[in-house]
Amino acid sequence: MRYIKLGFLVLLVLFGAVFFHYTLPQRDIVRIVEVENRRIDFGENSLFWASADTGTETVANRDVRFVNTIRANGKPMVYRNEDTGWGWPPYFKLDSSNLQTEASDLASTKDEPQWVALKHYGWRSEFFSIFPNAVSVKPVDGPDVKFFPWMNIIIIVLTVFGILSLYRFWVMFRKRKIDPVMEDAEAAWNAADDQVDATRGRISGWFSSWRSKPRKYK
């Protein structure tokens, strides 16, 4: 039983880590090369795409904005630029068209780079054609700029605190409300079981009294 609980706890921690890694915002220092629109046919990876622009009908395929960038190490990184609307994750992003304009204005060349901090969430997978979703962009002084994830730490701490508080509340509720009821039910069950055994014994004795006793011969 202890190993089952440990395994469940490990799975819960792994699930939480994956969930937070995908959902919480991250910042990449990149150089914007260009912005573009592509017609996308959504398939099995539709879960990793956001909704259409607010006020636009959702269809099986649509134009999606993309921001093409180069990282400081020279490797390319492509971001999609979609509204999140009022859905999940709760970024309430409604200005993807404005962000596309800002990104286009910050595009630069290799000879005269303009480095930007691009905030995003999600993952990049070439195999599954998954792209992180850009949330905001702002210019920075150079490719070595670092940001401390204060917001992410605060969200994780508050989430862990909330989970522990709920667990403590559940333990107290179980001790006060559920355990006494279960104990009373167990006691009642045991008493009923004893009563059944006693009744069975009396019936068995009654039947035994009717059995013919062996005769004694002189």
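Predicted model: local features only at pLDDT ≥ 70, side-chain atom pairs only at ≥ 80, totals over all residues.
I started with burial: of the 218 residues in the protein chain, 28% are buried (under 20% relative accessible area; exposed is over 50%, partly exposed in between, with a 1.4 Å probe and protein chains only). Residues are numbered from 1 along each chain as its sequence is written, and side-chain values use heavy atoms, without hydrogens and water.

Next, the fold. I count 3 helices and 5 strands (DSSP runs numbered from the N terminus: H or I of at least four residues, E of at least two). The order from the N terminus is α-β-β-β-α-β-β-α.

Then I looked up Glu-82. Glu-82 sits in the loop between strand E3 (76-81) and helix H2 (96-105). Buried or exposed? Glu-82 is buried, at a relative accessible area of 1%. I found its side chain in polar contact with Arg-62 at 2.7 Å and with Arg-80 at 2.6 Å (N or O atoms within 3.5 Å, one able to donate a hydrogen and the other to accept it; residues adjacent in sequence count only if both atoms are side-chain atoms). Gln-100 is 18 residues from Glu-82 along the chain, with 9.7 Å between their C-alpha atoms.

Last, Arg-174. I placed Arg-174 in helix H3, and it counts as partly exposed because its relative accessibility is 34%.
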